[in-house]
Amino acid sequence: MNIHAIDPHAGDLLARIERRDATVAILGLGYVGLPLLDAVASAGFGVTGIDRDPDKIAALTQGRTYLPHLGEDLPARLNKNPRVSLTHDRAQLEHADIILICVPTPLHDDSHEPDLSAVDRAAIDIRRYAIDRHPDRPRLVVLESTVYPGATRERLLPVLAHPDAHNYIVHSPEREDPGNTQHTTRTIPKLIGPIDNISGKLAAAFYKQVVQHVVPCRTAEIAESAKLVENIYRAVNIALVNDLKGILGAMGIDIWEVLDAAATKPFGFQRFDPGPGFGGHCVPIDPFYLAARAREFDIETPFIELAGRINRQMPLAIVESARQVLLARGGRELSDASILVLGVAYKKNIADLRESPALEIIALLREHNATVRYHDPHIPRTWPGRRHETPLTSIEWSEENLREHDLVIIVTDHDWYDWRFLATHARHIIDTRNAIRRHTGAEFLHKITLA
Ligand SMILES: NC(=O)c1ccc[n+]([C@@H]2O[C@H](COP(=O)([O-])OP(=O)(O)OC[C@H]3O[C@@H](n4cnc5c(N)ncnc54)[C@H](O)[C@@H]3O)[C@@H](O)[C@H]2O)c1
């Protein structure tokens, strides 16, 4: 396709992308936007990172990172690059040829409905600071935030529409997996879901210079749905294996041994492990974006609802195990017990607390008047959230602290932990990840309840 012959404005932008002198702005510098900024800058583009939180911008410009899993040297690398600027001033959108939207898309706390207010805000800012100021400048706008099928077309298109504008609009969902050392922003294939053909060509030309694999989708809706399907698949399979753990456990059969056996099948089976529930900004949330959209079509989503229910109930089941273990081992009630929760991040080796089942477990234990402390090598202090208002501080990792508690509950199996040290000094352990047995064999089985 000769883009220049069909649309000279798109042709001009394509030429600038190919020469890497198109300027990029990234809205939202969180778990998704910050590594993307690094990848775009490393590809040689001039890029402005914009976050509405001045504390994040101050941290980065002063050389401090708020996302240590990306490497402590990231702020210094960004600050050294003369083609990178960091700001909380959204008016800087004015100078961008390419705008990547990486803002949060959570659920409303009370209704559990999608909250797209940050995407709507981003669209209004792009309209006000970029399009209204330079309407005739060709501009590629990419929504990377996770949304429901149809949202890119419905929510961006009308706000960005201007009689003189040349907007090219794409949904390219971020598939970041924080803490995963095998895959990075550069190596994870990038879906390109365009509003129209030319938008898709421009986005593909841009991302080809930033990531290793670009996967064109025919429409924005296909890319939006693919992202949701990926996370629904995870949510449902995590729920299934958590449910199977309870069913097999009641029969005295160990789910982990069953999974070790099943996983030897070389085809047709993908292993998921049971755990304390689910967390993070994706798996507990994204499925409900599809469920909410389905309701508009009068369609029910029983798999999504059931998976959400099972996974959300896991903390309750763990607290019930704690109650039973304490009673069985010395007749203590939860209200008389001191409990140490190990790992509060929602998954191992990262410092992300969002939607973490550990917070729910701590809150439930406190509702039973248990004395609860936590240790997490990556989260020295929690911050206020939906389930607890008062920040908690991680206690010191020591033999005394392990001995002192009636019960230790392993929620997050960070690689940092010395499992043998833990098993040696703790009085009793509820291990939601099968971590002790995986790392030390059968030696400490008398001290462990697998829950
Ligand atoms: N965290 C993940 O692992 C992950 C993975 C894949 C996709 N996603 C999706 O990516 C999107 C972003 O998630 P995240 O985890 O990076 O969120 P985050 O909360 O870590 O970061 C979002 C950032 O955007 C900023 N922000 C909010 N509104 C803004 C605005 N109008 N203008 C400028 N900045 C604004 C916030 O201050 C915050 O720093 C979400 O849709 C999420 O579902 C997240």
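Helices (H or I, at least four residues) and strands (E, at least two) are DSSP runs, numbered from the N terminus. Residues are numbered from 1 along each chain as its sequence is written. Everything shown here comes from a predicted model, in which local features need pLDDT of at least 70 and side-chain atom pairs count only at pLDDT 80 or more, while totals for chains, interfaces and linings use all residues.

**View 1. The residues around the ligand.** Let us start at the ligand, with 27 residues around it; Gly28, Gly30, Tyr31, Val32 and Ser145 come nearest. Here a residue is near a molecule or strand if its C-beta atom, placed from the backbone, lies within 6 Å of it. Helix 6 (residues 117–131) supplies three residues, the largest share of this shell. Sorted by class, the shell holds 12 nonpolar, seven polar and eight charged residues. In this sorting, Ala, Val, Leu, Ile, Met, Phe, Trp, Tyr, Cys and Pro count as nonpolar, Asp, Glu, Lys and Arg as charged, and the others, Gly among them, as polar.

**View 2. Strand 1 and its partner.** Five bridges join strand 1 to strand 2 (residues 46–50), and the two run parallel. Two strands pair if DSSP finds at least two bridges between them. Leu27 has Ile50 in strand 2 as its bridge partner. Strand 1 is largely enclosed by the rest of the structure, because four of its five residues are buried. A residue is buried if 20 or more other C-beta atoms, placed from the backbone, lie within 10 Å of its own, exposed if 12 or fewer, and partly exposed in between.

**View 3. Two domains face to face.** The protein divides into domain 1 (3–218) and domain 2 (233–450), with bounds that come from an automatic or database domain assignment. Their C-alpha centres lie 35 Å apart. Across the boundary, 15 residues of domain 1 are in contact with 16 residues of domain 2; contact asks that the C-beta atoms of two residues, placed from the backbone, lie within 7 Å. The side of domain 1 that touches domain 2 has nine nonpolar, four polar and two charged residues.

View 4. With parallel pairing, the strands follow the order 10-9-11-12-13. Strand 10 (371–375) and strand 13 (448–450) stand at the edges with a single partner strand each, so one side of each has no neighbour in the sheet. Neighbouring strands are turned by 20 degrees against each other on average, direction ignored. Strand 9 (residues 338–342) pairs with strand 10 over five bridges, and Val341 stands opposite Tyr374 in strand 10.

View 5. Helix 12 (residues 302–328) lies across strand 9, strand 11 (407–410), strand 12 (429–431) and strand 13, at about 155 degrees to strand 11. Such angles run from 0 to 180 degrees between N-to-C directions, with axes fitted to C-alpha atoms, for helices over the stretch in contact. In helix 13 (residues 357–367), the buried residues include Leu359, Ile361 and Leu365. The buried residues of helix 13 pack against helix 12, strand 9, strand 10 and strand 11.

View 6. Most residues other than glycine have a negative phi. Arg20, in the loop between helix 2 (8–19) and strand 1 (23–27), has a positive phi near 60 degrees. Arg20 counts as partly exposed because it has 14 C-beta neighbours inside 10 Å. Asn434, in the loop between strand 12 and helix 16 (435–440), has a phi near 55 degrees. With 20 C-beta neighbours inside 10 Å, Asn434 counts as buried.
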